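Student: I would like to go through the ligand site of this model. Could we begin with the contacts?
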Amino acid sequence: MSTPSGLPLRCWAEIDLAALERNLRLIRAALPAHMRYVAVVKADAYGHGLPQVAARLMHAGADLFAVANLAEAAALREITPDWPILLLGPLLPDEMRFAPDYDVAVTVSSAEEVERLDRAAAAARRHLDVHLKIDTGMGRAGVWHEEAGPVFEAVRCAAYLRLAGVFTHFSSPDEDPAFTAEQRRRFLAALDAHHPAAGREALFIHADNSAGLETIERAGPFNAVRVGLLQFGVVPKPGALLAEVPAEPVFSFRTRVGLVKALPAGTRISYGGTHTLARPSRVAVLTAGYGDGIPRAASNRGLVLVRGRHCPILGRVTMDQTIVDVTDLPDVRAGDEAVLVGRQLGAEIPLTEFSRHADTIPWETLCSVTKRVPRLYRTPLGA
Ligand SMILES: *Cc1c(COP(=O)(O)O)cnc(C)c1O
């Protein structure tokens with residue numbers, strides 16, 4: 001395999017678009033039939049590459065895309081002039097006049113935002129959809145659930161805005177089912193107080209992200225889910241429902257052995273000499289480091305697959321190189337592939353495990369793979 005310039009690869013990510021498409025279909029099949037699928041593709045589709053991922057998700061039938069900001073919406077509009085897009089983050093006051101250009105649905109959390117956005121839409125003579133966000137206990141975007149009335153009222157009064165959705169976000173669906181249930185209760189109370197039951201089917205009413213699916217409410221007004229991580233085949237915390245969805249990993253992260261050498265016992269390894277060899281060893285120097293997205297926190301802790309075996313990282317991860325112990329693998333040669341995340345010869349390092357060894361979470365790992373790393377796409381047959 002090589003880069004577009006024909007040079008061999010030193011560190012790359014492989015993105016399995018066929019698995020992505022299968023994952024969306026599996027998740028849909030596990031959900032009640034009326035649930036619409038909001039595909040969350042913020043942060044360059046979780047580092048997988050927005051254009052390629054969005055094209056596949058449209059093919060697989062995502063109902064709505066969700067992104068974090070207008071620049072991401074603009075990038076999506078390059079691919080699709082009319083697929084519906086929801087902006088999850090609040091718009092800055094000086095961004096509002098651009099919203100009509102990209103025909104995005106905007107998340108609103110205050111009457112002030114609603115009035116300002118209505119003026120921007122009026123000036124552009126374009127109608128805009130809004131999703132009203134209710135804060136049920138995350139303390140981030142959204143109007144506090146007990147104070148939602150004036151925001152619903154402001155949307156009703158806005159001549160150029162149309163209420164297209166109402167939603168909330170759970171703070172700890174994977175860790176605190178009791179608090180998640182309380183958040184659902186708060187959301188439904190606010191909805192009942194401020195929006196008549198009639199006409200709700202026309203709205204997107206959504207709360208669940210990947211981890212929320214575990215406790216999803218099949219009855220009730222919820223009719224959409226917002227799926228990010230799970231569609232990429234990473235299960236935040238396996239439980240009953242998620243165990244039913246055999247989602248496959250879409251992302252793998254690979255590098256190569258640049259050099260193999262023998263070192264005497266007592267050698268101190270890498271910057272700072274934080275690892276001392278206890279025995280005469282053979283080490284492999286990998287051609288990737290934190291400049292590619294191997295977190296420095298994986299120093300002296302992480303594992304890498306070489307020839308299908310788990311090899312410990314020795315010493316500190318450096319910008320361009322990482323050292324692993326291959327003493328027990330006499331056949332390792334310069335040029336061999338090394339796997340940071342993914343499968344090799346029947347062995348596997350899942351993204352969750354790599355992230356744990358780096359003291360982080362899979363979401364952050366995916367966002368940390370740098371621009372230096374080419375993404376190679378495996379496309380479904382016939383695509
Ligand atoms: C990122 C995000 C999601 C997706 O979360 P996952 O845990 O990746 O499924 C859903 N909703 C909102 C508001 C988000 O910001």
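Tutor: In this predicted model, a side-chain N or O atom of Lys42 lies 2.6 Å from an oxygen atom of the ligand, a polar contact being a pair of N or O atoms within 3.5 Å. Local features need pLDDT of at least 70 and side-chain atom pairs 80 or more, while totals for chains, interfaces and linings use all residues. Residues are numbered from 1 along each chain as its sequence is written, and side-chain values use heavy atoms, without hydrogens or water.

Student: What lies 2.9 Å from an oxygen atom of the ligand on the side of Gly228?
Tutor: For Gly228 it is a backbone N or O atom. Trp363 has a polar side-chain atom 2.9 Å from a ligand oxygen atom.

Student: How much of the ligand's accessible area does the protein cover?
Tutor: The protein covers 92% of the 390 Å² that the ligand has on its own, by the Shrake-Rupley method with a 1.4 Å probe.

Student: Which residues come nearest to the ligand?
Tutor: Lys42, Tyr46, Ser210, Arg226 and Leu229 come nearest, out of 13 residues around the ligand; a residue counts as near if one of its heavy atoms lies within 4 Å.

Student: And what is the shell like by class?
Tutor: The shell has 6 nonpolar, 4 polar and 3 charged residues. Ala, Val, Leu, Ile, Met, Phe, Trp, Tyr, Cys and Pro count as nonpolar, Asp, Glu, Lys and Arg as charged, and the others, Gly among them, as polar.

Notes
Polar contact = N/O pair within 3.5 Å; in protein donor to acceptor, adjacent residues only side chain to side chain.
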